[in-house]
Amino acid sequence: MSELNRTWDMLWKDYTSFNPHAKRIYDEILEREKASNPSITALVNDHVAFRTFRAPKIGLESLAQIFTALGYELKKDYHFEQKKLYAKHYEHLHDPEMPKVFISELLTEEFSPKVQEAVAYVNDQVPAELLTQPSFLWSGRSWKASYKTYKELLAESEYAGWMYAFGFRPNHFTISFNHLKTFNTLGDLNDFVQSKGHELNSSGGLIKGSTKDHLEQSSTLAGKVQVEFEEGTFEIPACYYEFARRYPQSDGNLYTGFVAQSADKIFESTDTQRT
Ligand code: NI
């Protein structure tokens, strides 16, 4: 197995062991696809997303360099002014079937001294030797987290709270709708996932984006998991699963980028305050 395949394999194992609802959805969709075409053995990932804080050691670029070393190249960047985030997306140089990579970072300097202090602490606690290893991407937390600080971060940014509580691990995987054979529309896929008892993120409507954007996306609400803090164990939202349908552009090729306005709503799949 290549280093890149091994990396994806480890990331998928981390993600599914941590988020059993995602594994159930994967199995439910695969079973349906297989029933219509027994030669299908796996579902294809459209992209996988990672989060981090802007900080000297652990910023976006430190995650990106692991992927560039594995054959990925930068394609595009995105600004999220309201949530104070910045992101870049990467694609594999030669293999379009490899998942795209979406890495975002919190613009730490735009937050309160409290947030900046927590980020500086997190940045200090990550061992320098970890930063060059693919395993950095599923290393979780290298720091002790307090529930009090988590709540304080959440009050300023749901994203900051999530990152502080969970650390480095895939935030979500995304099923490529375009590779599925048994669904006519993304709405059909949403209906199927809901019929199996999973909750979807309805912020901005169930489907974010349109054919005009060349990208439609939907996602589950993050499943809740038990997380250990210094004060004890608390149940909080972890990761979600996303579904993406891409449309051809005027040149006939599928759009491979992202839509900031849609991604902005997808970020809310991990919100602790659900309306
Ligand atoms: Ni995504």
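Modeller: Two strands pair if DSSP finds at least two bridges between them. Strand E5 (residues 172–176) and strand E9 (residues 240–246) are joined by 5 bridges and therefore count as paired; they run parallel. This is a predicted model, in which local features need pLDDT of at least 70 and side-chain atom pairs count only at pLDDT 80 or more, while totals for chains, interfaces and linings use all residues. Residues are numbered from 1 along each chain as its sequence is written, and side-chain values use heavy atoms, with hydrogens and water left out.

Colleague: What makes a stretch a strand here, and which residue of E9 is the bridge partner of Ser-176?

Modeller: Helices (H or I, at least four residues) and strands (E, at least two) are DSSP runs, numbered from the N terminus. The bridge partner of Ser-176 in E9 is Ala-244.

Colleague: In which order do the strands of the open sheet stand, and which strands are at its edges?

Modeller: The open sheet has 7 strands in the order E2-E3-E4-E1-E5-E9-E6, and its pairing is mixed. Strand E2 (72–80) and strand E6 (215–219) each have a single partner strand, so one side of each is left without a neighbour in the sheet. On average, neighbouring strands of this sheet are turned by 20° against each other, direction ignored.

Colleague: What makes E7 and E8 a pair, and how are they connected?

Modeller: Strand E7 (residues 224–229) is joined to strand E8 (residues 232–237) by 6 bridges, and the two run antiparallel. A hairpin of 2 residues connects E7 to E8. Across the pair, Val-227 is opposite Phe-234, and Gln-226 is opposite Glu-235. Val-225, Val-227 and Phe-229 form the covered face of E7, whereas Lys-224, Gln-226 and Glu-228 form the uncovered one.

Colleague: Why is Ser-104 called buried?

Modeller: Buried means under 20% relative accessible area, exposed over 50%, and partly exposed in between (1.4 Å probe, protein chains only). Ser-104 has 1% relative accessibility and therefore counts as buried. This serine is placed in strand E4.

Colleague: How do you know that Ser-104 makes a polar contact with Tyr-159?

Modeller: A polar contact is a pair of N or O atoms within 3.5 Å; within protein, one must be able to donate a hydrogen and the other to accept it, and residues adjacent in sequence count only if both atoms are side-chain atoms. The side chains of Ser-104 and Tyr-159 are joined at 2.8 Å, so the pair qualifies. Contact in general asks for heavy atoms within 4.5 Å; leaving aside neighbours within four places in sequence, the contacts of Ser-104 include Phe-50, Arg-51 and Phe-267.

Colleague: What makes helix H6 largely enclosed?

Modeller: In H6, 9 of the 9 residues are buried, so the helix is largely enclosed by the rest of the structure. Tyr-159 and Trp-162 are among them, and both touch Arg-51. Helix H6 (residues 158–166) lies across E1, strand E3 (85–92) and strand E4 (100–106), at about 90° to E1. For that angle, axes are lines fitted to C-alpha atoms, for helices over the stretch in contact, and angles run from 0 to 180 degrees between N-to-C directions. Gly-167 follows H6 and has a positive phi, near 70°.

Colleague: Why are Lys-84 and His-214 called partly exposed?

Modeller: Lys-84 has a relative accessible area of 29% and His-214 one of 23%; both values fall in the intermediate class, so neither residue is buried or exposed. Each has a positive phi without being a glycine: near 55° for Lys-84 and about 65° for His-214. Lys-84 is in the loop between E2 and E3, and His-214 is in the loop between helix H7 (186–195) and E6.
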